[in-house]
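User: I am new to this structure. Could you show me how to read its features, one at a time?
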Protein chains: 2
Amino acid sequence: MKRVHNREDIVQAGLEIVLGRGFNGTGIEAILRQANVPKGSFYNFFASKEEFGLAIIDHYLLFMRGRLEPILRDDSLPPLQRIRRCLELLTEIFEANGCSRGCLIGNLSLEMADQCESFRDRLEGGLQSWVGGFASVLRLAQREKAIPADMDPEMLAENIISSFQGALLRSKVKRSAEPLRNFIHFYFDVFLVCREGLT
Amino acid sequence: MKRVHNREDIVQAGLEIVLGRGFNGTGIEAILRQANVPKGSFYNFFASKEEFGLAIIDHYLLFMRGRLEPILRDDSLPPLQRIRRCLELLTEIFEANGCSRGCLIGNLSLEMADQCESFRDRLEGGLQSWVGGFASVLRLAQREKAIPADMDPEMLAENIISSFQGALLRSKVKRSAEPLRNFIHFYFDVFLVCREGLT
């Protein structure tokens with residue numbers, strides 16, 4: 001049976017490769033081979049490699065949203081536990097990938113932010129949306145006095161997300177999830193816990 | 001006057017370019033143009049682009065050591081202040097570069113760790129040496145009871161360095177040093193301060 005290839009197949013195949021090799025390290029030929037797509041189809045869907053890269057980012061952000069939003073909205077868990085659970089899930093995904101690949105947004109942030117304004121803009125939007133999602137939950141935590149009243153939820157959310165990206169970077173080089181677990185432990189068992197009741 | 005090019009010139013020119021464009025995004029031709037070196041000279045000094053990449057990493061680690069070691073050894077400053085001062089200096093360098101480029105070790109960690117074992121190994125060595133340097137100073141801080149006795153200095157050092165790398169990633173996309181200052185503030189004015197006297 002002949003398979004009809006669509007834009008989604010190409011984006012999915014491209015995502016897998018770019019996660020492992022980076023954007024500059026990925027040739028269009030490798031994507032076509034992986035998706036088993038003739039070259040003409042690629043340019044039917046994407047005007048350029050840049051446009052294709054932006055589509056990968058959008059696809060990844062949508063995938064992540066589908067994984068994280070149900071956890072962030074799960075009101076059977078205390079707010080801080082929801083954020084911790086998100087980070088634990090991402091750590092499990094990293095481990096399931098043999099402690100490699102990591103986060104597309106983090107990878108492309110360091111590789112592409114200086115090189116391509118459209119990438120930087122899209123990555124900024126993605127990171128901002130994550131900060132917004134975490135900050136909403138941290139505001140709940142603040143209302144429940146699980147974090148101090150003088151702590152800015154937006155700043156804290158940005159710090160959690162950027163520190164997690166850093167732990168992912170360290171874990172990728174170490175090829176071990178230990179720095180990620182180390183970070184989750186410090187943040188949720190030490191740094192935020194010790195502030196409890198100080199409001 | 002004809003200038004004699006040496007290995008150091010090529011490494012320095014390459015470092016500048018790789019910091020901005022990544023390793024895969026940098027062609028040997030661009031390095032040669034920047035260093036004003038004929039192609040033959042490049043291969044006199046480096047057997048391959050990979051060998052050249054490793055030389056850049058070594059050069060960068062040596063440069064960073066020269067900047068950070070005097071601060072870490074400055075016993076006119078309390079131990080935690082020495083680490084804070086190092087991170088502030090790196091933030092100033094980032095700002096002086098127009099909030100771009102960032103840290104070669106961080107950039108190559110995300111770009112190359114999965115692709116090249118020799119790179120991963122060299123990056124791991126570099127990050128370990130930074131962890132070791134910070135951990136020594138944190139042990140001093142622990143002796144002076146500035147951090148709790150039950151906190152593992154190695155784990156804390158690794159967490160500070162990885163979180164800093166994450167803040168650098170976020171700052172690069174935001175093109176602002178705010179996430180870096182945000183991180184330094186949370187870590188040194190909130191998270192570590194609130195533990196004081198809890199030993």
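User: Is B:Glu178 buried, partly exposed or exposed?

Analyst: First, a caution: this is a predicted model. Now the general idea. Under 20% relative accessible area a residue is buried, and over 50% it is exposed. B:Glu178 has 42%, so it counts as partly exposed.

User: Which residue does B:Glu178 meet in a salt bridge?

Analyst: Side chains of opposite charge can pair when their charged atoms come close. Here B:Glu178 pairs with B:Lys174, at 3.1 Å from N to O. B:Lys174 also meets A:Glu158 in a salt bridge, at 2.9 Å from N to O.

User: Where in the two chains do the partners B:Asp114 and A:Lys172 lie?

Analyst: B:Asp114 and A:Lys172 form a salt bridge, with their closest N and O atoms 4.0 Å apart. This pair crosses between chains. B:Asp114 sits in the loop between α6 (104–112) and α7 (117–143) of chain B. A:Lys172 sits in helix α8 (residues 153–174) of chain A.

User: Are B:Asp114 and A:Lys172 buried or exposed?

Analyst: Read each partner separately. B:Asp114 is partly exposed, at 24% relative accessibility. A:Lys172 is buried, with a relative accessible area of 1%.

User: What do the side chains of B:Arg84 and B:Asp189 form?

Analyst: They meet in a salt bridge, 2.8 Å from N to O. The pair links distant parts of the chain, 105 residues apart. B:Arg84 is in helix α5 (residues 79–96) of chain B, and B:Asp189 is in helix α9 (residues 178–191) of chain B. B:Arg84 has a relative accessible area of 15%, so it is buried. B:Asp189 has 35%, so it is partly exposed.

User: Which residues of chain A are linked in a network of salt bridges?

Analyst: Look for charged side chains joined through one another. In chain A the network links A:Arg84, A:Arg85, A:Glu88, A:Glu92 and A:Asp189.

User: Which residues does B:Thr91 touch, leaving out those up to four places away in sequence?

Analyst: Find its place, then its contacts. B:Thr91 is in helix α5 of chain B. It is buried, with a relative accessible area of 0%. Beyond its sequence neighbors, B:Thr91 touches B:Phe164, B:Ala177, B:Leu180, B:Arg181 and B:Ile184.

User: How many residues of chain A and chain B are in contact?

Analyst: For an interface, read the residues, the area and the polar pairs. 51 residues of chain A contact 51 residues of chain B. The two chains bury about 4,500 Å² between them, 60% of it on carbon and sulfur atoms. Across this interface, 21 residue pairs are in polar contact.

User: Which elements of chain A supply at least two residues each to the side that touches chain B?

Analyst: They are α1 (7–21), α6 (104–112), α7 (117–143), α8 and α9 (178–191) of chain A. The largest share of that side comes from α8(A), with 14 residues. By type, the side of chain A that touches chain B divides into 19 nonpolar, 17 polar and 15 charged residues.

Notes: Residues are numbered from 1 along each chain as its sequence is written. Chains are lettered from A and ligands numbered from 1 in the order in which they are written. This is a predicted model: local features need pLDDT of at least 70, side-chain atom pairs count only at pLDDT 80 or more; totals for chains, interfaces and linings use all residues. Side-chain values use heavy atoms; hydrogens and water are left out. Helices (H or I, at least four residues) and strands (E, at least two) are DSSP runs, numbered from the N terminus. Buried means under 20% relative accessible area, exposed over 50%, partly exposed in between (1.4 Å probe, protein chains only). Contact means heavy atoms within 4.5 Å. Buried area is the accessible area (1.4 Å probe) that two parts lose on being put together, summed over both. A polar contact is a pair of N or O atoms within 3.5 Å; within protein, one must be able to donate a hydrogen and the other to accept it, and residues adjacent in sequence count only if both atoms are side-chain atoms. Ala, Val, Leu, Ile, Met, Phe, Trp, Tyr, Cys and Pro count as nonpolar, Asp, Glu, Lys and Arg as charged, and the others, Gly among them, as polar.
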